[in-house]
Amino acid sequence: MRRAVPPGPSSSPLAIGAHLRNARTAQGLTLAQLAEASGLTKGFLSRLERDETSPSVATLLQLCQVLSLPIGSLFAEPEIQVVGYDDAPRVNFGGTHVTERLMSPRSESRVQLLRSEMAPGASGGGELYTISSDVEVLHVLSGALTVRFVDRDVELATGDALTFPGREPHSWTADPELGAEVMWVIVPAPWSGTS
């Protein structure tokens with residue numbers, strides 16, 4: 001797995017507006033409400049959220065206090081990880097004639113991204129199974145497959161996506177002539193490689 005290279009020093013102004021806007025909207029506050037709570041003008045806050053002005057340290061402290069936001073979070077570098085296809089670990093969720101790769105970092109517990117290459121006729125097995133998660137999303141990159149549930153079969157072709165509850169019993173079968181290449185998004189990750 002490759003890691004993103006951290007950025008070097010920059011002469012461009014620090015962009016914190018999006019962080020402030022996200023904190024404000026996450027709390028359901030309007031610009032007018034934040035202006036009233038902070039004693040700053042709505043126009044100044046609007047320019048600040050668009051990174052068109054630079055606040056003083058005192059103003060930042062004041063805003064962070066109103067928003068219950070640690071001031072350090074405005075300057076923290078996001079953890080960005082790249083998982084190259086060739087470096088992605090192979091995993092086995094129990095299917096036959098399928099190659100699966102974990103495309104999200106092993107340490108990521110919020111979501112898991114799997115890429116499955118299914119040979120023609122590949123199968124998730126004759127028995128329905130469940131995955132311990134809240135939701136699964138299946139996106140067909142190429143080929144076709146049928147996903148089987150207790151009460152129905154759903155046929156998917158290239159470009160189709162299917163979303164269903166993670167604990168819903170299901171299985172799948174790749175097209176007998178085309179096979180399939182799919183991406184699975186599982187939320188949250190049913191297991192982590194760090195424990």
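The face of helix α1 turned away from its buried side carries two exposed residues, N22 and A26. The model is predicted, and the values below are computed from it.

**Helix α1**

- Helix α1 spans residues 17–26, and its buried residues are G17, L20, A23 and R24.
- Viewed down the axis of α1, these buried residues fall within an arc of 135°, so they line one face of the helix.
- The packing partners of the buried residues of α1 are α2 (31–38), α3 (42–49) and α4 (57–66).
- After α1 comes G28, which has a positive phi, near 75°.

**Helix α4**

- The buried residues in α4 are T59, L60, L63 and C64.
- Because the buried residues of α4 fall within an arc of 130° when seen down its axis, they line one face of this helix.
- V57, A58 and Q65 are exposed on the other side of α4.
- The cover over the buried residues of α4 includes α1, α2 and α3.
- S68 follows α4 and has a positive phi, near 50°.

**Nonpolar cores**

- The largest nonpolar core has 21 residues, and M118, L138, L145, V147, W172, V182 and W184 are those with the most contacts inside it.
- At least two residues of this core come from each of the strands β4 (96–102), β5 (112–123), β6 (135–149), β8 (161–165), β9 (170–174) and β10 (180–187).
- Strand β6 supplies the largest share of this core, with five residues.
- Apart from this core lies another one, of 16 residues, which has I16, A35, F44 and C64 among its members.
- Leaving aside residues up to four places away in sequence, V147 touches L138, R152, D153, V154, L156, L162, H170, S171 and W172.

- The largest cavity has a volume of about 70 Å³.
- Its lining is formed by F93, E100, L114, Y129, I131, E136, H170, W172, W184 and I186.
- Strands β9 and β10 are the elements that give two or more residues to the lining of the largest cavity.
- By class, seven of the lining residues of the largest cavity are nonpolar, one is polar and two are charged.

**Loop residue G179**

- G179 is located in the loop between β9 and β10.
- Is G179 buried or exposed? Its relative accessibility is 0%, and buried means under 20%, so G179 counts as buried.
- Not counting residues up to four places away in sequence, G179 touches M118, A119, P120, S142, G143, A144 and A174.
- G179 and E77 lie 102 residues apart along the chain, and their C-alpha atoms are separated by 41 Å.

Conventions. Residues are numbered from 1 along each chain as its sequence is written. This is a predicted model: local features need pLDDT of at least 70, side-chain atom pairs count only at pLDDT 80 or more; totals for chains, interfaces and linings use all residues. Side-chain values use heavy atoms; hydrogens and water are left out. A nonpolar core is a set of buried Ala, Val, Leu, Ile, Met, Phe, Trp, Tyr and Cys residues joined through side-chain atoms within 4.5 Å. Buried means under 20% relative accessible area, exposed over 50%, partly exposed in between (1.4 Å probe, protein chains only). Helices (H or I, at least four residues) and strands (E, at least two) are DSSP runs, numbered from the N terminus. Contact means heavy atoms within 4.5 Å. On a 1 Å grid over the protein atoms alone, a cavity is a set of points where a 1.4 Å probe fits but cannot get out, and a pocket is an open set with protein on both sides within 12 Å along at least five of seven lines; lining residues have an atom within 4 Å of a point. Grid points are joined across faces, edges and corners, and a volume is the space filled by probe spheres set on the points. Ala, Val, Leu, Ile, Met, Phe, Trp, Tyr, Cys and Pro count as nonpolar, Asp, Glu, Lys and Arg as charged, and the others, Gly among them, as polar. The arc is that of the directions from the helix axis to the C-beta atoms.
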